[in-house]
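Dear colleague,

Please find the structure below, together with a summary of what was found in it.

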Amino acid sequence: MISRFILAFALAALMVVTGVGSYMYLERHQSKIAAPPQKPTQASPRPDAFFLPGTLYFAQSGAIYSLSTGRFHQLTPEAGWTQPSLSPDGNSLITVQRLQFWSDVWALTRFGSIEGRLTDNAGHGKCYGDTGANQWSFYPRLSADQHTLWMSYDGPKFVCLGFDDYNVNLSIWSVPYGGSIAQGRSWTTPNDYTGGDTQPLPLASGAVIYTKYSYDSDGNRVGQLWYTNRPGSAGRALTSTADDCMEPSLSPDGHALAMICTYGKQVSHLVLGTWDGSNLGPLGGVITDQLVAQPIWAPDGSGIAYLAPSSPDGPFQLWFLPRLAYFPPTPSPVPTPLPTPGGPYTGALPTPSPLPTPPPVVVKPIQITTNLGFDATSPMTWAS
Amino acid sequence: MAGGFAYFLPAAAIAFESTGVLPNVPSPSPALLFTPSPVPSPVPVVQGGPFTVLLLGSDDDSKFSGDHVLTQSMILVRVIPASKQVIMLSIPRDLYVPLSCGYTSKIDGAYSCGGAGEAIATVQQNFGITVNDYIWVGLLGLIKVIDAIGGIDVVTSNPVIDDYYPADIYGGNPFDYQRVAVLAGPQHLSGISAMEYVRSRHGDVQSDFGRSKRQQQVLLAIRQKAKQVKPADIPNLAAAIGGEIKTSIGLDRVAQLVPLAASFDNPDAIQQIVLLPPYTHGGCPGTSVCPNWGLILPLVHQYFP
């Protein structure tokens, strides 16, 4: 007969084991949906990792990071920094610092040190207590000659509006580099109550491509790429309202435009079209099974990087689509019989045997990061 | 067993606390995740049959006292399990209707005169439909729900820019303003950003109607993300959300609904309806909008029989 003491001890031990075991089992079966993203600098590259060429700059959690040879470097503290854009000479990062009531454009070195502030968007208490006296600047870019700063800006507010102007829209502005907003010019007239015109892409010709938000005939809000070559002109739409396209990016050779289009749904396809300097060719979807954001071409033309969740509804990760996926190699020409050396041949020429058709090469996107959480409203910029 | 009990202890503790609170409030309790609150004459759902849920969203900051809040968001959701269809219909908050508590006003005031029961009764009486259940969520509730599931992916339709957005959630003065700029395009929204996206209406030419469309977008994104929730996540979710949601849906129904929600994977089977003009028009007192019942009722009865 087992003594009561031994029985009690055995049952107690069994209770502890099953209790701890149950707890550990349930803990292991939690999903990871609420796990916060990792800091990029905590991610160490795998030995077999795919390295992107050059240096890519992007934003996460209010900090600017660079990615070079598989390693991340934090360039700024987590203090509202976002939307980096490389200057054409490759020496500076034109960047937004976003605070609670306004945002400003700053020039940083490629290592994150401050070179100077390019806008002054704080209200400075000129209209006491009026939050609307502050300004936003987003999506800054420098012109090819580096003399002009382009940005989305919500228009100067010279008078205190007294809490009654709700029609706040961004428009495309150009400002002399290092100058004040008083020297700037508004290039576009945004549609009222839509949020406005954003994402300017200055061209070497002096014209600009941008995204205009408007309403279609059914009252749905849509994005459209527009082109304009002088301030105040109406310009013209490059894409239809039905395509709902945004976030344009020009290829290094200037002959193709990448963008994302939603076609009115909660999806965003990576779409490409040819570009001749003022006209956009037919659009073709390249990635249609992911929520794609912020496409950018590799400076060496080897592919397109973009942001997309790696799992449904997860934070955005970095992906790379090799060039072969959207510009397949030109098939080798069928050999033609050459003239026989030594004189003309008048007989029948042998028919060249047809080459076997190679199976189509399927090039898939390469996922570069796994547990990060990139700011998908921040364009990336890429140095060679 | 002991480990399992310990694991679910946070959820159990919250449920226990809510039970203690129930008798002290006249209307649905400020209670907890999956803790049913009383609703006058709830209509039982036939097992496996279609059902209708009224989603209610309120500004419940300190400008308001107790349960006397308006419901800025009122969305009827019809779920048809057999065909895996979902219909969402946003009721304009400014719709001028007779309230079940006795006077005629904007429909968003029904909740303030009697809680969820009055809101349901007002909707049933005016739209001629049956509501089976309700879910009410306050400002913090929506933020906490979205943060508890790790954020949501949304393609925001346009830049939502508001110079006079209420700073009433975390600020000391509920009458303060702040600036908001939710940029356009695909992005991963935190709870606070999603709240800004669905709550702002100043910069939208469609005002409350435009906001309703954004609310439906976010609701669908929450539903999509919630498919990844596992039973083992419930304690953490309950702890995160506790006190911010009221519902008539009991735990037993939740257990039925979780696998059902996961099986709804065709986005084209979800219909979204906003009662834009000509379903509504101006001419009613103040800032309210008049219903065009001749158009609304046939539409509603088509989808909410």
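Chain B of this predicted model has a mean pLDDT of 81, and 81% of its residues reach 70 or more; pLDDT is the predictor's confidence in each residue, from 0 to 100. Within chain B, confidence is highest in strand 10 (residues 185-189) of chain B, at 97, and lowest in helix 2 (residues 9-21) of chain B, at a mean of 45. Helices (H or I, at least four residues) and strands (E, at least two) are DSSP runs, numbered from the N terminus. Over residues 15-38 of chain B, pLDDT stays under 50, and the model has 49 contacts beyond four places in sequence for this stretch. A contact requires the C-beta atoms of two residues, placed from the backbone, to lie within 7 Å. Where pLDDT is low, the predicted coordinates should not be read in detail.

For the complex, the predictor gives an ipTM of 0.86 and a pTM of 0.84. The contact between the chains takes 51 residues from chain A and 45 residues from chain B. On the side of chain B that touches chain A, the elements giving two or more residues include helix 1 (2-7), strand 10 and helix 6 (207-226) of chain B. Helix 1 of chain B provides the largest share of that side, 5 residues. The residues of this side of chain B divide into 22 nonpolar, 16 polar and 7 charged; Ala, Val, Leu, Ile, Met, Phe, Trp, Tyr, Cys and Pro count as nonpolar, Asp, Glu, Lys and Arg as charged, and the others, Gly among them, as polar.

Turning to chain A, 4 strands form an open antiparallel sheet in the order 4-5-6-7, where pairing requires that DSSP find at least two bridges between two strands. Strand 4 (81-86) and strand 7 (114-117) of chain A each have a single partner strand, so one side of each is left without a neighbour in the sheet. Strand 5 (residues 92-98) and strand 6 (residues 103-109) of chain A are joined by 7 bridges, and A:Ile94 has A:Ala107 in strand 6 as its bridge partner.

Another open antiparallel sheet of 4 strands in chain A has the order 20-21-22-23. Its edge strands are strand 20 (293-297) and strand 23 (366-367) of chain A. Strand 21 (residues 303-309) and strand 22 (residues 316-322) of chain A pair over 7 bridges, with A:Phe320 in strand 22 as the bridge partner of A:Ala305.

Residues are numbered from 1 along each chain as its sequence is written, while chains are lettered from A and ligands numbered from 1 in the order in which they are written. As this is a predicted model, local features need pLDDT of at least 70 and side-chain atom pairs count only at pLDDT 80 or more, whereas totals for chains, interfaces and linings use all residues.

Yours sincerely
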